[in-house]
Amino acid sequence: MAAETRQILTNMGELLKAAGSSLANVVKVNVLIYSMIEYENMNSVYREFFPTDPPARTVSGVKLIGGRKVEIECIALA
Amino acid sequence: MTDRLPRSVIEPKNPKLNVSRNANVPHSPGIRVGDYIFLSGMGPVDPVTGGRNLGPIAEQIRQTLRNMAHMLESAGSGLDRIVKITVVLADSADYDEMNRVWREFFPVDPAGSHHLRLAAQQR
C-alpha cells in the first residue's frame, strides 16, 4: 500500500508538472483503497506529498480491478 | 498560462465539525478556488460532541447534509448552490430512504449526483 501510494502520487506530481501545474495546486482528491484497514498506511505516505494546506479529499474502501491496492484521482488548477 | 485562481482552505465555524484537524488526517475540510468550493467527504458527525452520530440511515443522511450546509455557509455559500454531489452508501438497500431524505434538503433543482455502493466502507 505504501509503495503503490508513493508511486501514484509521484506520477500524479509528474503529470501535473508536465502540464505546468503541481501537487500544490490540487483542490480535491478521491482515494479508493481495497480495504479501509490500510487507511493509516495510505495516509502516512500521502502526508509526505501534501505537507501544508492539503486538498479536500474523500477516501473510500472499494473492490479495485487488476490486483491494485489503491487508485487516486484529483482535480487541480492549471 | 493565465493567472492562477487563488486557492484557500475553508473550515467550519463549529470546530467540533473540523474532523480533519481533530483527527489529524492529511486533508482540509474544504478548498475554495475562485467561485468554486470543493468539500472533503462528510459524514454524520455530531456538532455537539464531535463524535460519530451513528443510527438509522435517515438520521445519518440528515446529519451529514446539515453538516454540509454548515460547511458551505461557513464559506458564504449554501446547499442551494451545490452543483455536484457523490453519495457513498454502505448498503444499496438504503437507496430509496436516502432519496426520501434528500428531497427534504433539495426540494427544487437538486444538484447532479451519483451514488456508489461500497460494501467495504466500514472501518
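In this predicted model, Lys69(A) sits in the loop that links β2 and β3 of chain A. Lys69(A) has 17 C-beta neighbours inside 10 Å and therefore counts as partly exposed. Not counting residues up to four places away in sequence, the residues that Lys69(A) touches are Met1(A), Glu4(A), Ile33(A), Tyr34(A) and Glu38(A). Ala19(A), by comparison, lies 50 residues from Lys69(A) in sequence, with 27 Å between the two C-alpha atoms.

Turning to the meeting of the two chains, 25 residues of chain A are in contact with 22 residues of chain B. On the chain A side, two or more residues are given by each of β1 (26-33), α2 (39-49) and β2 (56-61). The largest share, six residues, belongs to β2(A). Sorted by class, this side of chain A holds 13 nonpolar, seven polar and five charged residues.

In soluble globular proteins, nonpolar side chains tend to be buried together. Here the largest nonpolar core has 22 residues, and those touching the most other members are Val27(A), Val31(A), Phe38(B) and Leu39(B). At least two residues of this core come from each of α1 (2-18), β1, α2, β2 and β3 (70-76) in chain A, and likewise from β3 (36-39) and α2 (57-74) in chain B. With five residues, β1(A) gives the most.

Leaving aside neighbours within four places in sequence, Val27(A) is in contact with Pro55(A), Ala56(A), Ile75(A), Ala76(A) and Leu77(A) in chain A, and with Arg7(B), Ile31(B), Val33(B) and Phe38(B) in chain B.

How values were computed
Residues numbered from 1 in each chain as written. Chains lettered and ligands numbered in written order. Predicted model: local features only at pLDDT ≥ 70, side-chain atom pairs only at ≥ 80, totals over all residues. Contact = placed C-beta atoms within 7 Å. Helix = DSSP H or I, 4+ residues; strand = E, 2+ residues; numbered from the N terminus. Nonpolar A, V, L, I, M, F, W, Y, C, P; charged D, E, K, R; others polar. Core = buried A, V, L, I, M, F, W, Y, C linked by C-beta atoms within 7 Å. Buried ≥ 20, exposed ≤ 12 C-beta atoms within 10 Å, placed from the backbone.
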